Amino acid sequence: MPDPRQPAELLLAAASGDQSAWNGLEARFGPRMWAVARACGLNEPDAADAVQGAWLRLLEHLHDIRDPAGVGAWLATTTRREALLLIKKAKPGPAPFDVTHDPDPESAVLEADGNRMLWKTVSTLEEPCRSLLTLVASDLGSRQVAVRLGLPVGSVGPTRARCLAKLRTLISLQETVQ
């Protein structure tokens with residue numbers, strides 16, 4: 001059962017050493033952080049490093065966060081920054097992208113490029129579309145998405161459809177420009 005406390009309450013309790021609050025933060029925001037790291041094109045081990053790095057940054061800045069209610073957005077942004085740092089630091093050798101499923105390097109690069117463009121476009125959407133599509137991509141059910149976004153369960157499907165229509169329009173516009 002998810003922790004019923006609001007994000008700001010969880011953050012303050014975690015800062016006071018409450019392990020259940022840390023667990024609540026991880027349960028609430030962990031899937032989104034993983035989705036952000038993977039959307040940057042990282043393979044699973046590198047995504048784990050980016051997510052772990054973001055949790056470490058939270059620990060380092062527990063008392064510095066100006067808007068505790070926005071800790072979810074803070075974690076997503078920090079995860080993205082950690083992922084981009086990993087990509088930037090990547091040296092010749094194992095690629096930071098997950099190409100193990102496709103032996104054809106050209107297809108793997110095109111797929112990674114497409115994924116980056118897709119998630120970059122998703123990041124331009126307004127709320128609740130941005131968060132809803134991120135949560136849906138992390139394979140959460142409608143009920144879990146509704147709880148996390150504070151929406152009625154019955155509105156998740158229609159909202160998702162509207163958000164996907166907006167995303168399709170943005171992608172079509174991008175393809176027309178290119």
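Predicted model: local features only at pLDDT ≥ 70, side-chain atom pairs only at ≥ 80, totals over all residues.

Helix α2, which covers residues 19-39, packs with helix α4, residues 71-89, at an angle of about 35 degrees, and the two axes lie 9 Å apart. The crossing that α2 and α4 make is right-handed.

**Contact of α2 and α4**

- On the α2 side, the contact is made by Leu25, Phe29, Arg32, Met33, Val36 and Ala37.
- On the α4 side, the residues that take part are Val71, Gly72, Ala73, Leu75, Ala76, Thr79, Arg80 and Ala83.
- Sorted by class, the contact of α2 with α4 comprises 10 nonpolar residues, together with two polar and two charged ones.

**Disulfide**

- The link of cysteine 129 and cysteine 163 is left-handed, with -80 degrees about the S-S bond.
- This pair links distant parts of the chain, since cysteine 129 belongs to helix α6 (residues 129-137) and cysteine 163 to helix α8 (residues 153-177), 34 residues apart.

**Burial of the cysteines**

- Cysteine 129 counts as buried because its relative accessibility is 5%, and buried means under 20% relative accessible area.
- Cysteine 163, at 0% relative accessibility, likewise counts as buried.
- Cysteine 40 is buried too, with a relative accessible area of 11%.

Key: Residues numbered from 1 in each chain as written. Heavy atoms only, no water. Axes fitted to C-alpha atoms, helices over the stretch in contact; angles between N-to-C directions. Helix = DSSP H or I, 4+ residues; strand = E, 2+ residues; numbered from the N terminus. Left-handed = near helix turned anticlockwise from the far one by under 90°. Contact = heavy atoms within 4.5 Å. Nonpolar A, V, L, I, M, F, W, Y, C, P; charged D, E, K, R; others polar. Disulfide = S-S within 2.5 Å. Buried < 20%, exposed > 50% of the residue type's maximum accessible area, 1.4 Å probe, protein only.
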